[in-house]
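Let's take a walk through a protein together. Keep the picture open as you read, and look up each part when it comes along.

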Amino acid sequence: KYCENWVENINEADILRGLGIKSNINPSFLGDINKFSVNWKQGNKVYLSCSGNDHLLYRWDLIEEIADKVPEITFYLYGSDNWKTKHKNVIIRGRIDKSLMNKEVSEMQAGVRPLEFEGCSEIVVKSSLWGHHTISRIKYPFVDSYETKEELIKLLKELPSKKEPNLKAREWFMENLNKYPFNLKKNE
């Protein structure tokens with residue numbers, strides 16, 4: 001009754017609403033947004049990440065299911081060395097130094113985040129700040145989202161034809177990250 005609740009996306013807010021709890025939505029990011037400039041050029045490379053070896057949670061199995069349906073896309077999987085693929089267009093980058101990963105993925109076209117429930121993903125934020133055409137299972141303003149496997153395939157097929165960076169998503173995240181009232185300085 002006397003709490004103010006904050007979550008990072010609409011999915012988290014919907015879960016709490018279902019429990020009768022009102023919440024405010026604000027995405028957060030621990031990185032320095034000023035270190036992310038637009039770094040996008042037309043192409044066909046996308047990236048995903050996994051924490052530890054929890055491949056099923058991070059939906060690497062979904063990439064295995066759809067890779068043959070989007071041969072024009074090259075998928076780069078980061079975070080685990082314990083995954084095998086049978087697809088030529090799936091590259092296992094595994095666990096590498098974070099600065100090397102950031103350098104590699106900053107030059108790609110989209111971060112893909114297929115998780116249905118989580119906080120605001122670093123992949124979504126970084127990809128958007130670089131001007132990439134981010135694809136997320138969770139809806140964010142100006143970020144492509146999907147509900148079905150067919151919708152994801154369609155978004156991936158459209159990616160190589162995009163000619164400009166996604167500046168709207170970048171601007172939205174630049175303006176909205178970490179805007180919690182308890183983070184704002186008071187004029188006194």
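**Starting from a buried arginine**

Arg113 has a relative accessible area of 8%, so it counts as buried. Keep in mind that what you're looking at is a predicted model. You'll find Arg113 in strand S6, which covers residues 110-113. Which residues does Arg113 touch, once its neighbours within four places in sequence are left aside? They are Ser49, Tyr58, Glu118, Ser121, Ile123, Val124, Ile135, Ser136 and Arg137.

Now zoom out to the sheet. Strand S6 is one of six strands that form an open sheet, in the order S5-S4-S3-S6-S7-S8, and the pairing is parallel. At the edges sit strand S5 (90-94) and strand S8 (144-145), each of which pairs on one side only. What holds neighbouring strands together? Strands of a sheet pair through backbone hydrogen bonds, either parallel or antiparallel. Take S4 (residues 74-78) and S5 as an example: they pair in the parallel sense over four bridges. If you want to spot one partner pair, look for Leu77, whose bridge partner in S5 is Ile92. Helix H3 (residues 98-106) lies across S3 (45-49), S4 and S5, and it runs at about 165 degrees to S4.

Let's go back to one of the contacts of Arg113, namely Glu118. Glu118 is in the loop between S6 and helix H4 (122-129). Is Glu118 buried or exposed? With 16% relative accessibility, it falls under the 20% cut-off, so it counts as buried. Apart from its neighbours within four places in sequence, Glu118 is in contact with Asn9, Glu12, Arg113 and Ile138.

Next up are the charged pairs. Side chains of opposite charge can pair when their charged atoms come close. This model holds 13 salt bridges. One of them joins Arg137 and Glu116, with the closest N and O atoms 3.7 Å apart. Arg137 lies in the loop between S7 (135-136) and S8, while Glu116 lies in the loop between S6 and H4, so this pair ties together parts that are 21 residues apart in sequence.

Lys162 pairs with Asp144, the closest N and O atoms being 3.6 Å apart. This pair links distant parts of the chain, because Lys162 is in the loop between helix H5 (149-158) and helix H6 (167-176), Asp144 is in S8, and 18 residues separate them. Lys162, at 22% relative accessibility, is partly exposed, and so is Asp144, at 26%. Lys139 and Glu147 also meet in a salt bridge, at 3.8 Å from N to O. Glu147 counts as exposed at 53%. There is a network of salt bridges too, linking Lys98, Glu122 and Lys126.

Leu19 is in the loop between helix H1 (10-18) and strand S2 (24-25). Its relative accessibility is 63%, so Leu19 counts as exposed.

Terms used:
Residues numbered from 1 in each chain as written. Predicted model: local features only at pLDDT ≥ 70, side-chain atom pairs only at ≥ 80, totals over all residues. Heavy atoms only, no water. Helix = DSSP H or I, 4+ residues; strand = E, 2+ residues; numbered from the N terminus. Buried < 20%, exposed > 50% of the residue type's maximum accessible area, 1.4 Å probe, protein only. Contact = heavy atoms within 4.5 Å. Pairing = 2+ DSSP bridges. Axes fitted to C-alpha atoms, helices over the stretch in contact; angles between N-to-C directions. Salt bridge = Lys/Arg side-chain N within 4 Å of Asp/Glu carboxyl O.
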